[in-house]
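The tour starts at the ligand and then moves out to the backbone.

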Amino acid sequence: MTEEPGADQPDDLMERVVNLCKRRGFIFPSAEIYGGFRSTYDYGPLGSLLLRNVKDAWWRSMVQERDDVVGLDAAILSTPRIWEASGHLTNFTDPLVDCRNCHERWRADKIEGSCPNCGSTDLTEPRAFNLMFKTFAGPVEEDATVAYLRPETAQGMFVNFVNVLQTTRKKPPFGIAQVGKSFRNEITPQNFVFRTREFEQMELEYFVPPPDAPRWFEYWLDERFSWYRDFGIPEDKLRLRHHDADELSHYSAATADVEFLFPWGWDELEGIANRTDFDLKAHSAASGEKLEYFDQTSGERYVPYVIEPAAGATRTMMAFLLAAYDEDEVGGEKRTVLHLDPRLSPYQVAVLPLSKNDALVPLSRQVLGQLQPICMCDFDVTQSIGRRYRRQDEVGTPFCVTVDFESLEDGAVTVRERDTTEQVRVPIDTLAGEIRERLGR
Ligand code: GAP
């Protein structure tokens, strides 16, 4: 019998990862000294590095390593006219029900007829609750100053379509990529940073000639699935799920999700949609501006279709942590280790002087100075070397560089690898090259 995917993981994996995040400075509950604030989180010294690496890894593969995608960083605050045209003002809703017994509120589609808090079945009829955060731009709170925080980064790409075409001379197929914060007034934020009201997205809008849309849809399914696998999520914890017709968003002709096996079951990491020409046509009609492509060689004029791979950066970071978490034994001692891909690890190298000795620390600082231009380094002099190795394993640092008394004689250091715990002696003169090579930089 083959083992169920995830059977190798502890039952309380989620709790262990949440504890590690707090204990080691990945993720803190926001406003903790005031008792927290409604499922918001702050990314600590290590979490901000990991999150940045996830976003950089996405940007590198989606923008830097391609010649058909350009970047954008659009405003978070915007006019209701955008959200009216995109359909978000009327359609971006979840069905909300109240429990008449305990007065908790729930998403009707996420509960099965009874209140998860008190078990009562005395629920109100579902009503449409719009998920957009509404605010006012300027000092006067009136209808004319209403603004919204974007619930997705995508619309910034559509409303800048012509600006980008004119300034980059790109032609379909080409894409616009963006990474940034989005906001949704989720009725029930849950599962740590899986569903929060403030989160980060990594989205690509890829504009193609309409007849080519199905082919490009398949292309992006493959690309995106491979990206998660290449960064270390095991294939048995990843799957693609095609949406049924009744699940499709109002703009979509086809959607598939890349799903990850979370501790509570399969759930979405990223949605890949064929958004057709819905958005460009909607903004064109509402603004009166032509949002189309004119091919000067063929004389053809058309509104491109859009293939959209839309991922969550914060949610993806959590999946990488869950997939990387492991407990094993080294030299008869239990250790916790994050088998993160070195490109994602908060630190790539930790420089560890064997002791606080007056001669070792200056040499160690010299070594640190050589490595800092290459990658993110930690420098740790406290406690025994064994404890320090464990601490670095626990946060996923792939290499520890130890400077010992022999280093003063032979000008070499010990490089220890996280997963195998193998140690080799490397001359300080060639250390930077060795680390570069091991990191593929
Ligand atoms: N532009 C299309 C779009 O926004 P989506 O499926 O609603 O599509 C894309 O969002 C991705 O953003 C999701 O797959 C998920 O990873 C992330 N995401 C959405 N809502 C989120 C939330 N409340 N908290 C964290 N991540 C979220």
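A molecule sits in a pocket if more than half of its atoms lie within 2 Å of the pocket's grid points. This is a predicted model. Select the ligand: the largest pocket holds it.

Now show the shell itself. It has 21 residues, and the closest are Glu152, Glu186, Thr196, Glu203 and Glu268. By class, ten are charged, seven nonpolar and four polar.

- Glu203: a polar side-chain atom is 2.4 Å from a ligand nitrogen.
- Glu186: an N or O atom of the side chain is 2.8 Å from a nitrogen of the ligand.
- Gly312: a polar backbone atom is 3.0 Å from a ligand oxygen.

Most residues other than glycine have a negative phi, and most peptide bonds are trans.

Select Pro172 and Pro173: the peptide bond joining them is cis, with omega about 0°. Pro173 is in the loop between helix 6 (161-168) and strand 10 (174-183).

Go to Ser39, in the loop between strand 1 (27-29) and strand 2 (41-43). Its phi is positive, near 55°. Ser39 counts as partly exposed because its relative accessibility is 30%, between the 20% and 50% cut-offs.

Finish at Asn191, in the loop between strand 10 and strand 11. Asn191 has a positive phi of about 55°. At 29% relative accessibility, Asn191 is partly exposed.

Technical notes. Residues numbered from 1 in each chain as written. Predicted model: local features only at pLDDT ≥ 70, side-chain atom pairs only at ≥ 80, totals over all residues. Heavy atoms only, no water. Near = heavy atom within 4 Å. Polar contact = N/O pair within 3.5 Å; in protein donor to acceptor, adjacent residues only side chain to side chain. 1 Å grid on protein atoms, 1.4 Å probe; cavity = no way out; pocket = protein on both sides within 12 Å on 5 of 7 lines; lining within 4 Å. Nonpolar A, V, L, I, M, F, W, Y, C, P; charged D, E, K, R; others polar. Helix = DSSP H or I, 4+ residues; strand = E, 2+ residues; numbered from the N terminus. Buried < 20%, exposed > 50% of the residue type's maximum accessible area, 1.4 Å probe, protein only.
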